[in-house]
Amino acid sequence: MDYTLLIRAIGKGTDEKSLQDRATIAMMGLQGLRTVEIERANVDDLKISGGTASLLVLGKNHDRVIYLRPDVAVILCAYLATRKDAFADSNGLPMFTACGNRAGGNGISRRGIRQVVDFYLKKADVKRIGISDHALRHTAATLAYKYTQDLRGVQEMLGHAEPKTTAPYAHVTDRMKNNPAMAIQVGL
């Protein structure tokens, strides 16, 4: 999936909904969060200290702390600053809330997150079978490995307990980089 097309489809709106959508898709496509991790995120999980933003991520099997990219932190903070009413639930004050008449102010659901992602995938004309909200996590992992070559770092970013779960992202990137067809000395 071309993540750049997806980001362009979101645009640079500064209203609550636009900022929330950009923050949500950035958290998934650049930071590698799962849909359920977005749903569980609370305002108290975000810590900003000395210009560094970190987020406690309540994962599937264990919790982890991730450090946010500065641009992701700026969008997230802008969203939180423009957000209207938010209602605490049993887990605290949700970071991402539904933007609608019936559920507005309550925490966003996994279904709501999928609908947001699907809307922008269609708008960017990249929606295909197998391309969904979880594909953003794969995009984050593949891009992170491509630019760092640090499989352990990608494993920690994704919260994988086992390196073998993260290894396929390295395999895909290495296959692209070491494509034998590129060595064939024939021009077209």
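User: How many positive and how many negative side chains does the chain have, and how far apart do the centres of the two sets lie?
Analyst: This is a predicted model, and the values that follow are computed from it. The side chains counted are 26 positive and 19 negative. The centres of these two sets are separated by 5 Å.

User: In what order do the elements run from the N terminus?
Analyst: The chain holds 8 helices and 3 strands. Read from the N terminus on, their order is α-α-α-β-β-β-α-α-α-α-α.

User: Which elements do the buried residues of α5 pack against?
Analyst: Helix α5 covers residues 110-123 and reaches 20 Å from its first C-alpha to its last, close to the 20 Å expected. Its buried residues are Gly112, Ile113, Val116, Val117, Tyr120 and Leu121. In an α-helix there are 3.6 residues a turn, so residues three or four places apart point the same way. The buried residues of α5 pack against α1 (3-10), α2 (16-29), α3 (35-40) and α6 (133-148).

User: Which residue with a positive phi follows α5?
Analyst: The phi of this residue is near 60°. The residue is aspartate 125.

User: Is methionine 157 buried or exposed?
Analyst: Methionine 157 belongs to helix α7, residues 151-158. Its relative accessibility is 16%, and the cut-off for a buried residue is under 20%, so methionine 157 counts as buried.

User: Which residues are in contact with methionine 157, leaving aside its neighbours within four places in sequence?
Analyst: Methionine 157 lies in helix α7. Its C-alpha atom is 8.8 Å from that of tyrosine 67, which stands 90 residues away along the chain. With the neighbours within four places in sequence set aside, the contacts of methionine 157 are Leu30, Gln31, Gly32, Arg64, Ile66, Ala140, Ala141 and Ala144.

User: With which residues is serine 18 in contact, leaving aside its neighbours within four places in sequence?
Analyst: Serine 18 is part of helix α2. It is buried, with a relative accessible area of 14%. Apart from neighbours within four places in sequence, serine 18 is in contact with Ile10 and Gly13.

Terms used: Residues are numbered from 1 along each chain as its sequence is written. This is a predicted model: local features need pLDDT of at least 70, side-chain atom pairs count only at pLDDT 80 or more; totals for chains, interfaces and linings use all residues. Side-chain values use heavy atoms; hydrogens and water are left out. Helices (H or I, at least four residues) and strands (E, at least two) are DSSP runs, numbered from the N terminus. The expected span of a helix is 1.5 Å times one less than its number of residues. Buried means under 20% relative accessible area, exposed over 50%, partly exposed in between (1.4 Å probe, protein chains only). Contact means heavy atoms within 4.5 Å. Lys and Arg count as positive and Asp and Glu as negative; His and the chain ends are not counted. The place of a charge is taken as NZ of Lys, CZ of Arg, CG of Asp or CD of Glu.
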